[in-house]
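Me: I have a few questions about this structure. Let us take them one at a time.

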Amino acid sequence: MSRVLIKDVRPYGEGEPVDVLVEGTTIAEIGADISADADEIVQGGGAVVLPGFVDLHTHLREPGREDAETIETGSAAAALGGYTAVFAMANTDPVADNAVIVEHVWRRGREIGLVDVHPVGAVTVGLAGEKLAELGTMRHSAAEVRVFSDDGKCVHDPLIMRRALEYTRSFGGLVAQHAEEPRLTVGAQAHEGPNAARLGLAGWPAPAEESIVARDCLLAAHTGGTLHVCHVSTEGTAELLRFFKGRETDSTVSAEVTPHHLLLTDERLQTYDPVNKVNPPLRTDADALALRQALADGTVDCVATDHAPHAAQDKDCEWSAAKPGMLGLQTALGIVTQTMVRSGLLDWRGVARVLSERPAEIAGLTGQGRPIAVGEPANLALVDPDAEWTVRSAELASLGQNSPFEGMRLPGRVVATLLRGAVTAHEGKVRR
Ligand SMILES: NC(=O)N[C@@H](CC(=O)O)C(=O)O
Ligand SMILES: [Zn+2]
Ligand SMILES: [Zn+2]
C-alpha cells in the first residue's frame, strides 16, 4: 500500500499545523510531527487543506471538439485547480444523450485518472428540447448518470421539464437547468441594460432567467422532483431561490454560481473583446454583490465553474460571431479566495462547503466532499492562501485560451491535489 505523508498543513485553515498520513486511498493518521516511512513526502508549508473540489458544471468538448478541449486536457486543468471530481456537460458532438456516449466519457476519464469525470446526460434527444432522452438507460449504464442537463440550451417546454423532473425522481436523479427563456433572448448578446444599449448589443434581460427559475421551482414542488439551477446570474434569481427554499415542500432545489459572475460585470464589454462573452451574460455590480451574499448565506449552494473552452477561431472574431463561454477550472479557487475569503464573506470551512461538500451532496457522490478525518477517502486540495499568481492563459492546461482573467493577479494557489491517495497535481504539474 502506498503511503503519502503530507507535512505541515492546516485542515480548513484552523488550528496549529499538523501532518496527514495517507495510506492507500484513505487518511490513516492526523497529528503533530508524524514520523512514518512514506513513499512520498509532500511539504505543505502551512497550507490550508480542504476536501478536493467538485465541479458540477464543466465542458470538456470530447467527443467532437477535441481542438478546444479533451477529457485529458480538461482533467489536467481540473487536477491543477484542486478538483477531484467534475461533471462533464452533455453538449458535445455527438450529444451525450445515450448510454454509449456517457460510458465513453466515463471510461476515458477513468483511464486518464486525474479526476473523476462524471458524464451529465442530456435531458432531450440531441438537446433539441422535443423528446426525452433515455434517462433510465443512462442511469443504469456503467456511467451511472444521475445529473441530467441540456445545458447550453434551456429545457423550455414546461411539459418536457415536468416529465424530466418526474422521471428522474423515480431513480433519485436531478435536472440541472440552464434557465433561459428562448423567446426573450432571440439574438441576445449582452446583459440588457445601459452598457449593452451604449455598445449597440442586443439585450439578454434578467427575467429571461428568472421566469424559468420561478417556473421550474413551481414544477419541482409540484412533482417532488429535484432541480438544480445552473449559473445563477441575477439578484432576482437569488431572491426567487430564497423564497422557494423557504417554503415547506417535498422538492429539492439547489443552485450554483460561477466564479465569473461573482467577480466580473458588463463594464468589461466596452472593449468588445469576445473573451467576456458568456451565457448567461456578465451582469451588473449589484447582481455580483447579491450573488456573493447569496453564496455566503447558502441561498446559492455552491460554486461551479461552467468551464467552457473554445478554439481560437471561435473567440478571435467579432463579438456577434463569437461563441459564449470562458475557462474556469484553474482560476476558480483564486476568484473564490478573492471575492469570498478576502472580503470576509466565507472562511475556509465555508470554501470547503461551496467548492466541495455541497456539490458532492447535490450530485449524490458519497466519496467526495467528505470530512478531513481518519478513515475518510484522501480526496484533498492543498491551498496556499497567501500566494499570489498571475493568470496566463497560454500556461493553463486547457487547449482553449479563453480566460477572461488573463493578466490578473489572484490570491490562493493550489499546492497539491490528491485523488484517493494519489497525488494528481503538485506545484503546478500534473502526475499521471
Ligand atoms: N456558458 C457558456 O457561455 N457556454 C457554454 C454553454 C452554457 O453553459 O450555457 C458552452 O458550452 O460553451
Ligand atoms: Zn448554460
Ligand atoms: Zn455550461
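Me: Which residue has its charged end over the ring of Tyr-12?
Reply: This is a predicted model. A charge sits over a ring if NZ of Lys or CZ of Arg is within 6 Å of the ring centre and within 35 degrees of the ring normal. Here the charged end lies 3.8 Å from the centre of the Tyr-12 ring, and the residue is Arg-349.

Me: What average pLDDT does the protein have?
Reply: The predictor gives the complex an ipTM of 0.99 and a pTM of 0.98. Of the residues, 99% score at least 70. The protein average is a pLDDT of 98.

Me: Which residues coordinate the zinc ion (ligand 3)?
Reply: The donors follow the spacing H-x1-H-x91-D-x154-D along the chain. They sit at 2.0 to 2.2 Å from the zinc ion (ligand 3).

Me: Is Asp-306 buried or exposed?
Reply: Buried means under 20% relative accessible area. His-57 has 0%, so His-57 is buried. Asp-306 has 6% relative accessibility, so Asp-306 also counts as buried.

Me: Which residue bridges the zinc ion (ligand 3) and the zinc ion (ligand 2)?
Reply: The two zinc ions lie 3.7 Å apart.

Me: Is the aromatic pair of Phe-53 and Tyr-83 stacked or edge-to-face?
Reply: The structure holds four aromatic pairs, this one among them. The Phe-53 and Tyr-83 ring centres are 5.6 Å apart, with 80° between the planes. Planes over 60 degrees apart count as edge-to-face. The pair is therefore edge-to-face.

Me: Where do Phe-53 and Tyr-83 lie?
Reply: Phe-53 is at 0% relative accessibility, so Phe-53 counts as buried. Tyr-83 is also at 0% and so counts as buried. They are 30 residues apart, with Phe-53 in strand β5 (residues 53-58) and Tyr-83 in strand β6 (residues 83-88).

Me: Which residues do ring pairs link into a cluster?
Reply: Phe-148 and Phe-171 form an edge-to-face pair, 5.9 Å centre to centre with 65° between the planes. Both are buried. Ring pairs link three residues into the cluster: Phe-148, Tyr-167 and Phe-171.

Key. Residues numbered from 1 in each chain as written. Chains lettered and ligands numbered in written order. Predicted model: local features only at pLDDT ≥ 70, side-chain atom pairs only at ≥ 80, totals over all residues. Heavy atoms only, no water. pLDDT = per-residue confidence, 0-100. Phe/Tyr/Trp six-rings, centres within 6.5 Å; stacked < 30°, edge-to-face > 60°. Helix = DSSP H or I, 4+ residues; strand = E, 2+ residues; numbered from the N terminus. Buried < 20%, exposed > 50% of the residue type's maximum accessible area, 1.4 Å probe, protein only. Donors = N, O, S within 2.8 Å, 3.2 Å for Na, K, Ca; no water.
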